[in-house]
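Please open the model in a viewer and keep the selection panel at hand. The stops below are given in the order in which they may be selected.

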Amino acid sequence: MVGGHRRTQPGIHREKHKSPSYQIKEGDTVNVDVTCPGATLALALLYLKTNNRSIADWLRAPDTQYLLDFVKPEFLLMRTLARGLIMWDEIKPNSTWINSNIPPIVRQNNASLNTMDGQVAEDVDLQTMRYSLCTSNSAIAALLCALYPRFPAHSTDNRYHLQALRHLYVLAAEPRLLVPVDVDTNTPCYALIKVTYKASQWCEEMTVNLMAPSLLPELHLLKEIKVKGPKYWEIMMDLSKGLTSLQSILSKDGFLYVKLRAGHLSYTEDPKGFRSLLAQTFTHRNPEFLSIKPEAVSAFTSDPALLSFAEYFCKQSKKEGKQDILDLLSSILYECVTQEKPEMLPTYMAIDQAVRRLERKEMTETFELCQIKLVQQFYNSVCLQDKFKNSTSALLINSEFLLAMKSMLDKTLDQWLH
């Protein structure tokens with residue numbers, strides 16, 4: 001690698017090493033211009049990530065101007081690269097580590113090196129790609145072949161490096177783009193995710209927030225990924241228990257299906273969350289807020305069922321006897337929106353309509369009454385009460401609504417008996 005006189009091989013190796021395939025000579029010395037690149041990279045791959053300092057010191061840049069004049073710039077670059085591959089755990093993403101690889105004699109001569117700016121600029125475009133580079137041994141070897149620092153003089157120059165090998169970088173790429181998809185609309189969306197890193201020799205355990213779609217770091221560095229924020233239901237992936245599930249998602253299309261919470265708009269429709277603040281109007285219990293305006297509902301939900309319900313059943317009416325019904329229907333809508341259960345809206349309506357048909361004496365069979373009775377008995381059961389006694393989860397049907405319906409049924413049936 002450093003050239004010099006050829007050593008005489010003892011014994012049986014003397015004849016073997018006379019072959020030109022073993023040594024490239026010029027006179028009695030070795031042509032290091034030919035042998036140095038291969039020897040340097042061979043050492044780098046043999047001792048990859050071993051942190052063997054004695055081997056790495058062989059590749060250290062010369063520390064005097066005299067010795068530095070004997071090393072070609074491209075060989076100096078290759079030796080610095082090889083030393084970094086061997087001392088892998090000492091690599092730090094900062095200017096201090098970069099400057100530590102500059103020979104002291106160069107720093108003393110105030111050489112201008114803008115390495116840091118170029119490195120950052122090259123990394124920006126990766127954010128728009130589905131694939132990113134990994135740091136496995138095989139990936140590093142593929143990148144080394146693709147980015148081999150001996151560049152051609154022209155487009156057809158294959159003397160030093162075959163141009164086809166430049167495409168081996170694809171072997172170092174892996175899919176790590178996570179794309180949230182709204183499960184209701186089946187369209188990509190923005191979602192806030194919390195990424196927790198494992199504790200390592202470089203840093204303590206830490207958590208960062210990313211707005212997906214986003215490229216994830218290498219999976220072996222992560223402890224947990226969670227969809228968070230007020231807009232979407234939380235999804236948690238504990239990577240300490242295995243990477244199979246997340247790897248399967250990323251290898252297919254990177255789609256992670258998320259569910260938008262009722263009462264919230266997507267980040268595209270409401271980036272700052274200001275429009276969702278209108279949902280606070282539903283927390284008021286005075287009559288002014290019980291009659292919900294359809295335009296207010298459309299400001300914090302795009303669910304067509306909720307919008308239609310507000311449009312046709314929650315408009316204020318001046319007709320006598322209609323206000324009580326509007327108040328009840330508005331309360332039902334309030335319940336479904338705030339408790340994240342819009343799918344229960346038809347159930348509420350079915351119970352209310354059954355009770356009103358009984359009041360008008362339009363009920364021709366008792367099937368609906370039996371169904372209401374089963375619901376009442378289920379919600380009054382001891383096992384259900386014990387289950388939700390210390391739970392923060394809400395029941396699907398509001399117990400106050402069931403009590404109101406039962407009171408109306410009892411009153412109607414009593415009138416029939418008397």
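Begin with helix 18, where the buried residues are Phe401, Leu402, Met405, Leu409 and Thr412. Viewed along the axis of helix 18, these buried residues lie within an arc of 95°, and therefore they line one face of the helix; the arc is taken from the directions between the helix axis and the C-beta atoms. Buried here denotes under 20% relative accessible area, exposed over 50%, and partly exposed the range in between (1.4 Å probe, protein chains only). Helices (H or I, at least four residues) and strands (E, at least two) are DSSP runs, numbered from the N terminus.

This is a predicted model, in which local features need pLDDT of at least 70 and side-chain atom pairs count only at pLDDT 80 or more, whereas totals for chains, interfaces and linings use all residues. Residues are numbered from 1 along each chain as its sequence is written, and side-chain values use heavy atoms, with hydrogens and water left out.

Next, turn to the other side of helix 18: Glu400, Leu403, Lys411, Gln415 and Leu417 are exposed there. What span should the 19 residues of helix 18 have? At 1.5 Å a residue, residues 399-417 should span 27 Å, and the end C-alpha atoms are 27 Å apart, which agrees. The expected span is 1.5 Å times one less than the number of residues in the helix.

Now select strand 7 (residues 191-197), in which five of the seven residues are buried. Strand 8 (residues 206-212) runs antiparallel to strand 7 and is joined to it by seven bridges. Strand 10 (residues 222-227) also pairs with strand 7 in the antiparallel sense, over five bridges; strands are counted as paired if DSSP finds at least two bridges between them. Centre the view on Val195: its bridge partner in strand 8 is Val208, and Ile225 stands opposite Val195 in strand 10.

Proceed to Ser132, which lies in strand 3 (residues 131-133). Is Ser132 buried or exposed? Its relative accessibility is 11%, so Ser132 counts as buried. A polar contact (N or O atoms within 3.5 Å, one able to donate a hydrogen and the other to accept it within protein, with sequence-adjacent residues counting only if both atoms are side-chain atoms) of 3.0 Å joins the side chains of Ser132 and Arg176. Beyond its neighbours within four places in sequence, Ser132 is in contact (heavy atoms within 4.5 Å) with Ala172, Ala173, Glu174, Arg176 and Leu215.

Finally, select Cys36, buried at a relative accessible area of 4%, and Cys189, which counts as buried at 9%. With a disulfide defined as a pair of cysteine sulfur atoms within 2.5 Å, the count comes to zero.
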